[in-house]
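Please walk me through this structure.

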Amino acid sequence: MSPDSLEIAMPRLTRLTRLGCLIGLLLPLPALAQSPGDEWQAYESALADGARHADYWQAGWTTFYVGSLALNAWQASEASDRDDRYDARVGVVKSALALGGMFLDRQPHPDAYRELQAGESGDIEGARRLLTAVAEEERRRRSWEARLGSLAVNTAAGLLIAVGDGRERDGAINFATGMLINELQLQTQPRQATAAINRFQPARVSLGDMHLEGEYALLVGPNQLGVALRY
């Protein structure tokens with residue numbers, strides 16, 4: 001191809017690419033999907049894996065907080081050092097609050113998986129809506145708002161030790177340790193729904209004699225809900 005012809009072809013390719021993006025964004029997702037059965041199975045598998053992960057996560061962190069509560073309760077009365085007893089009493093309150101949160105604010109995946117199983121098999125629209133709702137809940141549970149409760153509790157605990165008991169360094173360590181544990185708890189939560197929603201899937205767009213082959217994915221993230229195309 002000569003340099004002149006290359007200069008002419010490039011703008012046409014750019015216009016065609018933009019047209020393909022516009023068509024892909026305007027067409028509904030069911031028109032783009034090529035394998036509804038495979039898509040439904042992928043959603044079912046994501047919720048099943050998420051439910052299993054949620055059960056392990058629930059059992060693991062509940063056990064951790066039960067152990068922490070028992071240890072702090074023992075140290076609150078039996079520790080030989082006065083500062084250790086004071087810190088343990090603060091720890092009892094923190095562990096009890098965290099343990100209560102494990103029971104009151106459960107992961108959505110087990111209920112969502114049961115709802116999917118109770119519904120009509122192969123219902124792509126229903127499965128997609130359910131998975132999108134779970135993915136949005138996963139996003140909420142990792143957002144900065146989800147850290148506010150822990151921030152308030154650990155700040156209060158740190159101030160009790162730093163100001164109330166006159167040990168600034170120990171108060172800072174207590175605050176930092178509590179926030180680190182909370183962050184680990186948040187980051188180990190299930191995220192299978194978000195991964196399944198964001199996964200690229202086969203797509204085909206037809207406009208007359210023009211056919212575009214590619215992939216699409218829903219994008220679910222902090223303050224973000226959209227569609228991505230690649231081809």
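**Helix contacts and a charged network**

Val 153 lies in helix α7 (residues 148-164); helices are DSSP runs of H or I, at least four residues, numbered from the N terminus. This is a predicted model, where local features need pLDDT of at least 70, side-chain atom pairs count only at pLDDT 80 or more, and totals for chains, interfaces and linings use all residues. Residues are numbered from 1 along each chain as its sequence is written, and side-chain values use heavy atoms, without hydrogens and water.

Val 153 is partly exposed, at 29% relative accessibility. Buried means under 20% relative accessible area, exposed over 50%, and partly exposed in between (1.4 Å probe, protein chains only). Not counting residues up to four places away in sequence, Val 153 touches Lys 94 and Leu 97; contact means heavy atoms within 4.5 Å.

Lys 94 also touches Asn 174. Asn 174 sits in helix α8 (residues 168-187) and is buried, at 17%.

Now the charges. Side chains of opposite charge can pair when their charged atoms come close. The structure holds 14 salt bridges, each a side-chain nitrogen of Lys or Arg within 4 Å of a carboxyl oxygen of Asp or Glu. Asp 83 forms one with Arg 167, with closest N and O atoms 3.6 Å apart. That pair links distant parts of the chain: Asp 83 is in helix α4 (residues 82-104), Arg 167 in the loop between α7 and α8.

Arg 167 is buried, at 11% relative accessibility. Arg 167 also bridges to Asp 165 at 2.8 Å and to Asp 170 at 2.7 Å. Shared partners join Arg 82, Asp 83, Asp 87, Asp 165, Arg 167 and Asp 170 into one network.

Definitions and conventions
Helices (H or I, at least four residues) and strands (E, at least two) are DSSP runs, numbered from the N terminus.
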